[in-house]
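Me: I have a chain open here and would like to talk it through with you. Could you take my questions as they come?

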Amino acid sequence: MGRRLATAVHVQHPTSSEWIVLEPGHEPDEELAAEITNPDAWEDDEPSADPEGPEKDEPKPFGFTAPPEPEAEPAPSAARRRKAANTDA
């Protein structure tokens, strides 16, 4: 029994060079499995020992997982500073 995919992957067939989409739960043959180099694409062979880790049915995050940093407030424009300076005189 081969390994099962945890996520969908796009892989190029090694002999025909055709692009193939493999769905989660698929067990590709060894020829295709060798082309899938991302270890996160595969299901874990054993359950996670980390109780705080993702649940079995919970999808793994893809791409950037850190929350976005807040945007900095823009600096006041030079025109506003000049106008404020002119009204104070």
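**Working through the chain**

Me: Let's start with His 13: buried or exposed?
Reply: His 13 counts as buried, because its relative accessibility is 18% and the cut-off for buried is under 20%. Please keep in mind that this is a predicted model.

Me: Where does His 13 lie, and what does it touch?
Reply: His 13 is placed in the loop between β1 and β2. Setting aside residues up to four places away in sequence, His 13 touches Glu 18, Ile 20, Glu 31 and Leu 32. For Leu 32, which is 19 residues from His 13 along the chain, the C-alpha atoms of the two are separated by 6.5 Å.

Me: What about Glu 31, which element is it in?
Reply: Glu 31 is found in helix α1, which covers residues 30-33, and with 36% relative accessibility Glu 31 counts as partly exposed. Glu 31 also belongs to a negative surface patch, formed together with Asp 29, Glu 30 and Glu 35.

Me: Back to the loop between β1 and β2, what is the phi of Ser 17?
Reply: Ser 17, which lies in that loop between β1 and β2, has a positive phi of about 60° although it is not a glycine. Most residues other than glycine have a negative phi. As for accessibility, Ser 17 counts as partly exposed, at 44%.

Me: Switching topic, how many salt bridges are there?
Reply: The count comes to one salt bridge, and Arg 4 forms it with Glu 43, the closest N and O atoms being 3.9 Å apart. Arg 4 lies in the segment before β1 (9-12) and Glu 43 in the loop between α1 and α2 (78-88), so the pair ties together parts that are 39 residues apart in sequence.

Me: And how accessible are Arg 4 and Glu 43?
Reply: Arg 4 is partly exposed, with a relative accessible area of 36%, and Glu 43 likewise counts as partly exposed, at 29% relative accessibility.

Me: Which residue has its C-alpha 9.0 Å from that of Glu 43?
Reply: That is Pro 24, which is 19 residues from Glu 43 along the chain, with a C-alpha separation of 9.0 Å. Pro 24 has its place in the loop between β2 (19-22) and α1, and at 47% relative accessibility Pro 24 counts as partly exposed.

Me: What is Pro 24 in contact with?
Reply: Leaving aside neighbours within four places in sequence, Pro 24 is in contact with Leu 5, Ala 6, Thr 7 and Ala 8.

Me: Now Ala 34, where is it placed?
Reply: Ala 34 sits in the loop between α1 and α2 and is exposed, with a relative accessible area of 57%. Between Ala 34 and Pro 14, which are 20 residues apart in sequence, the C-alpha to C-alpha distance is 9.2 Å.

Me: Stepping back, in what order do the elements run?
Reply: From the N terminus on, the elements run β-β-α-α, and the secondary structure of the chain comes to two helices and two strands.

Me: Last one, what share of the contacts is between residues 24 or more positions apart?
Reply: Among contacts with a separation of 6 or more, residues 24 or more positions apart account for 30%.

Methods:
Residues are numbered from 1 along each chain as its sequence is written. This is a predicted model: local features need pLDDT of at least 70, side-chain atom pairs count only at pLDDT 80 or more; totals for chains, interfaces and linings use all residues. Side-chain values use heavy atoms; hydrogens and water are left out. Patches are made of residues with over 30% relative accessible area and no salt bridge: like charges are joined within 9 Å, nonpolar side chains (Val, Leu, Ile, Met, Phe, Trp, Tyr) within 5 Å. Accessible areas come from the Shrake-Rupley method with a 1.4 Å probe; for residues, only the protein chains shown count as cover. A salt bridge is a side-chain nitrogen of Lys or Arg within 4 Å of a carboxyl oxygen of Asp or Glu. Lys and Arg count as positive and Asp and Glu as negative; His and the chain ends are not counted. The place of a charge is taken as NZ of Lys, CZ of Arg, CG of Asp or CD of Glu. Helices (H or I, at least four residues) and strands (E, at least two) are DSSP runs, numbered from the N terminus. Buried means under 20% relative accessible area, exposed over 50%, partly exposed in between (1.4 Å probe, protein chains only). Contact means heavy atoms within 4.5 Å.
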